Amino acid sequence: MVCIITERTVKWQVQALLLVFLMEDTVSQIRYSVPEEMRKGSFVGNLAEDLGVDAKRLRSGGARIVSGDSSEFIRLDVDKGILVVGERVDREQLCGQTSPCSLNFEMIMTNPMQLHSVVVEILDVNDNAPVFHEKEMHVEVVESALPGTEILQVSASDADVGVNALHGYTLHPTTHFNIKVLSSPNGHKYAQLYLSSALDREKEEKMLLTLTAVDGGEPQRSGVLKIHITVRDTNDNAPVFTQPIFKASVKENVPKGTLVVSLSATDADEGMNGRVTYHFNRMSNKVAELFHLDGNSGDLTVTGMIDYEDNKLYEIGVQAKDQGGQSTSTNVIIEVIDVNDNAPMITLTSFSNTVAEDSPTGTTIAIINVKDVDSGKNGKVDCSVNPNIPFAIQSSLKNYYTLVTNGVLDREQHPVYNITFTAVDEGNPPLSENKTITLRISDVNDNAPMFEQMIYEANILENNPPGLHVFSVKAHDSDSGQNARISYLLIDTELNGSPISTYISVNAESGAIQAVRSFDYEQIKDFQFHVKAQDGGSPPLSSNVTVKILIQDQNDNPPQVLYPVQTGGSVVAEMVPRSAEVGYLVTKVVAVDVDSGQNAWLSYKLQKATDRALFEVGLQNGEIRTIRQVTDKDAVKQRLTVIVEDNGQPSRSATVIVNVAVADSFPEVLSEFTDSTHDKEYNDNLTFYLVLALAVVSFLFITCLVVIISVKIYRWRQSRILYHSSLPVIPYYPPRYSDTLGTGTLQHVYNYEVCRTTDSRKSDCKFGRAASQNVLVMDPSSTGTMQRMQGEKSILDEPDSPLEVS
């Protein structure tokens, strides 16, 4: 250890002593001294020069004052490398009677880290005058008192110390009284007033003495006490204390009312002259707030909060008086016993709140300062950190500890450490203090993004609008910052020969998947693609996931009626004999729906009918049956409108018109249906025929007879040929109709015998005996004349004929 002492003259012409203690080239201690009451900004010392470093080193090392409660009084000017006064320093307010009075703090620099202890001693100036506890006192003295009799003891207090403290006392006048300047065991001076010459009450009953207390400062300051003396008649015995000095001890922080000591004095006189009362003789205002003296019993009790750290010893002057004016004084010395009432204080001197997860073992994280203002074992402190963490604490200097790494750091397992410093003193019971710091581990890119699911599946309703949000994929990266910033990319593939990007898109930031086009369930029922999640590290890491899209059917197709077929030119009629019983199967409406699921579930309802009381439609199978017995009163022509609805929401429907002929003979049916057809065409072309008839009336009149005769002969011959032949009628089945339920549209094969003439009004139809249902196809436009067959053969003998022999 090297000790360096330098002397420097500053502006205020005060010599400063500098002690520099160097420890291992990184730790030193420097000492300065300055007077109190210096104005703000006053020079204290050239720290850079005394440390032997350049001022630039202070700036580059981030030099700053840390720890202690003196940072507000002393400030470091980093640009000049000097210490200056930060706030006006009042030594008496800062340290009281403690001497020497020092400000202790530390100056720390980094790169490399250096710690220097700085002590600034505050020198006292004579800025406080001596002060008596009371400004005036009234004392009674018996005239019989002998010269040399002690009258009272009184003292003044001076907040200054050293030469500026209380120096002595003077008394004026000194005709009958004088003083002795005495010192207490702790060095405090007090004045003892005594009688110097005999008194004569008859000559001078009252006197006024002026006691002046002076200090030794320059300029000298003083305080005055006025003593009023009243001379009384004789009381020849003064009270006497049982002890010349009373000593007691009290623990700090004892409750108010605690008894410290009981004072006792006796007086040999009797009556009122022997009654003793107790009074404080000399004490400061601060002490008067801490203790109370019972005037009758002499019990000294605690009235304030006693703190060992403020004052370790109290000396109190006590006076015992009788009622005759005699008095005596004594001193009470009270020793304060320290208790462990102050927990250690932890100050964070330097701290780096972030450290990389690949930092080597031994990296410095923080420096702390630990203090305990108690004394002895109560002030000894042990410091530690919470266990099971990769950090350790090391003691680098007295009251200073360094936190360093002591293991492998992994941000993904522990991104944040809450490190708790625990300082415990050796008192009984021990007191402790905790301070927690939060240390964050910075990241390196060592983890690839991971999707929340191995495979994603989503449903989308067909006929969706382009741009529809389907759902979002989500990936997580256990890294942080840029290393955890994830971008989502669509991996290029093809679907039906087109890039997948023409079907679907992925938002790079959010992972939201949107439909690029409108989907049709009937064309695409499902497809899948791959999405890549890539982080923003260097180099980037990535992972892939499979996404499957299921297209859901929508009720966008109405039912299609397969049977009966609706033709524009022909009328298809179902024949019902008048002998049909209840439940007679007339026909079956067959329909399909290209949708799926419940959208393809079909139901059949009778919307309109010529006679609703005659027919019903099966709700599920579409079968049209009679619900009562057919009678002769029922109309031959029955028109049924059947609506086919699916089960979608909203439902779609199709309608079909079923013509039913209620008749036993074919001519009756044919006449009824062709009349309506001819009437309809006649009405539609009425105007045309009227004009045409007017133009050719003459021609028609001449040729009418010839045409009629020819037609009659031709019909007669044709009817004879067809009447003797059994021409089958093949039932009409709708194209592409399949028997999906195994029952077919109709449960049997039905044959018909049809005779056609050139005049459909006289055509004939025979029903097969095994028939339960007949289908009649009538072409109202068939009014032409059939080709005469060559020879004697019937058209049934032709091998390519569409009609088969039944």
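Predicted model: local features only at pLDDT ≥ 70, side-chain atom pairs only at ≥ 80, totals over all residues.
Residues are numbered from 1 along each chain as its sequence is written, and side-chain values use heavy atoms, with hydrogens and water left out.

A look at the whole chain comes first. Of the 806 residues in the protein chain, 42% are buried; buried means under 20% relative accessible area, exposed means over 50%, and partly exposed lies in between, with a 1.4 Å probe and protein chains only. The protein chain exposes about 43100 Å², and carbon and sulfur atoms supply 51% of this area, as computed by the Shrake-Rupley method with a 1.4 Å probe. Among contacts with a separation of 6 or more, 66% are between residues 24 or more positions apart, a contact being heavy atoms within 4.5 Å.

One sheet can now be followed strand by strand. Strands of a sheet pair through backbone hydrogen bonds, either parallel or antiparallel. Here, three strands form an open sheet in the order β12-β16-β15, with antiparallel pairing; two strands count as paired if DSSP finds at least two bridges between them. The edges are β12 (150–154) and β15 (177–183), each of which pairs on one side only. On average, neighbouring strands of this sheet are turned by 25 degrees against each other, direction ignored, with axes fitted as lines to C-alpha atoms and angles running from 0 to 180 degrees between N-to-C directions. Strand β15 is joined to β16 (residues 189–195) by seven bridges. Within this pairing, Lys180 has Gln192 in β16 as its bridge partner.

The cysteines complete the picture. The model contains one disulfide, defined as a pair of cysteine sulfur atoms within 2.5 Å. This disulfide links Cys95 and Cys101, whose sulfur atoms are 1.8 Å apart. The torsion about their S-S bond is about 60 degrees, so the disulfide is right-handed. Cys95 is buried, with a relative accessible area of 19%, and Cys101 is buried too, at 2% relative accessibility. Cys383 also counts as buried because its relative accessibility is 7%, whereas Cys704, at 36%, counts as partly exposed.

Conventions. Helix = DSSP H or I, 4+ residues; strand = E, 2+ residues; numbered from the N terminus.
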